[in-house]
Each structure stands twice: as structure tokens, then as C-alpha cells.
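Here is a friendly briefing to read beside the model. Have a look at the fold first, and then follow the notes below.

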Amino acid sequence: MSDALQPRRSGTAVWKQIEKTLLSEIMSGNIAPGDRLPSESALADRFSVNRHTIRRALAELSAQDILQIENGRGTFVTEKALRYKLSKRIRSVESMLRDGHDMVVKVLNATQSPANVEVATALEVEAGSLLWVIDSLSTINRKPVIHARHCFPLGRFPDFYERYKSAGSIGATLATYGVESTRKSMVISAQLADRKELELLREQWPSPILSVESLYVDQRGQPVDHGVAHYAGDRIDLQID
């Protein structure tokens with residue numbers, strides 16, 4: 001069934017009516033950022049017009065940076081970058097929820113592993129001592145955005161993962177131990193996504209990745225959390241407070 005359009009004599013060109021219809025659906029959220037639109041043929045059938053008319057409407061929305069037309073892949077709604085605030089006390093979940101985003105953190109793997117020299121030095125434990133290693137993937141507004149790995153000293157937090165499953169976030173889990181963590185240091189670097197990151201973050205090569213290495217300490221300045229987070233560079237703007 002086709003969408004009803006006004007006749008040409010109404011004063012508004014048919015392609016312009018199609019443009020307004022698609023724009024309304026995008027602005028209302030019926031078509032979400034990152035979604036792929038139906039093919040030109042499917043849209044032509046929907047509106048009972050030829051493909052040239054559809055192409056004109058899509059080109060206008062592309063010129064407004066509302067749509068992104070990718071040869072061989074299709075037409076996508078432009079994804080506006082999310083702003084993630086990096087500060088001493090605010091972690092990713094708190095940052096995104098405060099801004100009204102729908103954020104879900106999925107644990108990919110939770111293991112007990114020996115610390116390598118670099119992480120052991122950061123956490124001020126002996127190399128080879130056991131750590132809790134938590135790998136996670138965060139989706140924001142249904143799009144994968146952050147792949148992270150956090151390490152915690154097993155000796156101090158022996159049942160960390162069991163508590164995490166109940167608490168729901170790193171900050172809340174540390175709080176069950178009486179720890180109020182703050183970010184002591186942060187190193188930001190840019191790189192191209194490797195095969196694993198491309199798959200997890202659903203990116204196409206070459207895609208930029210923002211890597212943020214952080215060290216969190218407790219109230220006494222003792223390290224409690226070494227984390228490395230990889231952000232989809234085309235979906236995140238980092239704001240340092």
C-alpha cells in the first residue's frame with residue numbers, strides 16, 4: 001500500500017513531499033540514527049513514484065546531513081556523535097544515564113587471570129598475582145559504542161563478580177566494599193579498529209577507535225581499578241571535565 005501524496009498541482013513537488021515524510025519519521029524516532037532505509041525500489045513502490053523522484057528526495061536529505069548514502073551498502077540515517085563526559089568521579093553509565101540515554105552494559109567475559117607487569121605496576125600488586133578481569137560491551141540507544149576491560153585485585157575483592165551481578169555497575173560494586181573510587185590518571189590515544197573491535201562495535205574498516213586507559217583509586221589513594229575502554233570514534237565525543 002502506497003502513502004497518499006498530494007497531486008502536483010497542490011504547489012508542493014512530489015519529491016519534496018517524500019522528503020518531508022521521511023524527515024518526519026526520522027525526527028519522531030520511527031527511523032533511528034544508524035538505521036538503513038528501504039531500497040530506492042521499495043520506497044518507489046511505497047510512494048507510487050519512479051526511482052528518480054526517490055533519489056531526488058534522498059539527495060536533499062543527504063545534503064542536510066540527515067542521511068548518509070553509501071555506494072553498495074545503502075542509505076543510512078546519520079548518527080550524531082554522543083558526548084561522553086570524562087571526569088574524576090563520573091563513569092560511563094552515570095554519564096550517559098544523566099544525559100537521558102538508554103545504556104546497557106553486557107559482560108562478555110569475567111575471569112581470574114594473573115597480572116602482567118604493566119597492570120601489576122599500575123595496581124601496585126605483584127606481577128602474576130590474580131586479578132578479576134571483566135570484559136564488557138556497552139550499547140547506547142541500541143548501538144554498540146564501548147568495549148572495555150577492567151582489572152581489580154582479587155586479594156582485595158575476592159567475590160567482585162558475584163557482587164557486580166547484583167550491583168549492576170563497577171561504581172556500585174566498589175561501593176559495597178566501602179570504596180568510593182575516583183579517576184587518578186587517564187591516557188587517551190587514537191588508533192584504527194582491529195578485527196575484534198570491528199566485529200564488536202559493528203564498524204567497517206578502516207574505522208577510528210578512541211582508547212582511554214584509566215586508573216582509579218580509593219579514598220586513601222590506593223589503586224583499585226585499571227581500565228582500558230575502546231570507543232567507536234565516529235559515535236562518541238569525549239568531553240574532559
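Six strands make up an open sheet in the order S4-S5-S6-S9-S8-S7, with antiparallel pairing; strands here are DSSP runs of E with at least two residues, helices are runs of H or I with at least four, and both are numbered from the N terminus. Two strands count as paired if DSSP finds at least two bridges between them. This is a predicted model, so please note that local features need pLDDT of at least 70 and side-chain atom pairs count only at pLDDT 80 or more, while totals for chains, interfaces and linings use all residues. Residues are numbered from 1 along each chain as its sequence is written, and side-chain values use heavy atoms, with hydrogens and water left out.

- S7 pairs with strand S8 (residues 208–217) in the antiparallel sense, over 10 bridges.
- Follow Ala190 across to S8 and you reach its bridge partner, Leu210.

- Rings of Phe, Tyr and Trp (its six-membered ring) pair if their centres lie within 6.5 Å; planes under 30 degrees apart count as stacked, over 60 as edge-to-face and the rest as tilted.
- By this rule the count comes to 6 aromatic pairs.
- One of them is the stacked pair of Phe160 and Tyr164, at 6.4 Å centre to centre with 25° between the planes.
- Both Phe160 and Tyr164 lie in helix H6 (residues 160–167), 4 residues apart, about one turn of the helix.
- Tyr161 and Tyr164 are stacked too, with ring centres 6.3 Å apart and planes at 20°; these two also lie in H6, 3 residues apart.

**Burial and surroundings**

- Phe160 is buried at 0% relative accessibility (buried means under 20% relative accessible area, exposed over 50%, partly exposed in between, with a 1.4 Å probe and protein chains only).
- Tyr164 is buried as well, at 9%, whereas Tyr161 is partly exposed at 21%.
- Trp132, Phe152, Phe157, Phe160, Tyr161, Tyr164 and Tyr177 form one aromatic cluster.
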